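My entries follow the order in which I checked things.

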Amino acid sequence: MQAKLRRIRTFGALGAAGMAAAATLVTAAPASAAADDDFTLYAKEVPSEDQGPQQAPKVGDSFSSADDLYQHKGGDKVGRDGAVCTVVRTGDPMDIQCVGTFSLSGGQLTAQVLLAVPADESAQPSTFDVSITGGTDDYRGASGQIHFTDDGDYQRLDFDLGD
């Protein structure tokens, strides 16, 4: 269940006391991707310490996650990310606000999402979209979205750096 808590992936799934309610934002791209409007990366969660049994989440509870980023599954690492998510509404569904920063070879990208997480784990979506809110260096003024899809041990991140 602890692993499930960190993966609703996206921007992953989070759970607490048998409830899934999380999201992980992740991505990083090589400098060459900065010039392209679309690219795909694969995120693999960095293991964190098990914090033991979880309590039912309350408004204001937060958690963090980190990922290593790859151009291809099993390939060389091309970046890293970090995200912080906060429970903003309890109930069914639970709302979780997540903000993430992605360290890329050409700069950084920022993204955020408000996820509605149903109490029934079988009803949790396997895909979701996250808004790109900005960036630095090659990504200055970035906008668009990231489409997250579960892909085995990885999370597939399809970036659309739209106009």
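Predicted model: local features only at pLDDT ≥ 70, side-chain atom pairs only at ≥ 80, totals over all residues.

Residues are numbered from 1 along each chain as its sequence is written, and side-chain values use heavy atoms, with hydrogens and water left out.

I began with strand S6, residues 94–104, taking strands as DSSP runs of E with at least two residues, numbered from the N terminus. Eight of the 11 residues in S6 are buried, that is, under 20% relative accessible area with a 1.4 Å probe and protein chains only.

I then looked up its partners, counting two strands as paired if DSSP finds at least two bridges between them. Strand S5 (residues 77–89) runs antiparallel to S6 and is joined to it by nine bridges, and the hairpin they form has four residues between the strands, with Gly 91 in the turn at a positive phi of about 115°. On the other pairing, S6 and strand S7 (residues 107–117) are antiparallel over 11 bridges, and the hairpin joining them passes through two residues.

I traced Asp 95 in S6 and found Arg 89 opposite it, while its bridge partner in S7 is Ala 116.

Last, I checked Asp 67, which lies in strand S4 (residues 62–70). Asp 67 counts as buried because its relative accessibility is 1%, and its side chain reaches the backbone nitrogen of Glu 45 at 3.2 Å.

Terms used: Buried < 20%, exposed > 50% of the residue type's maximum accessible area, 1.4 Å probe, protein only. Polar contact = N/O pair within 3.5 Å; in protein donor to acceptor, adjacent residues only side chain to side chain.
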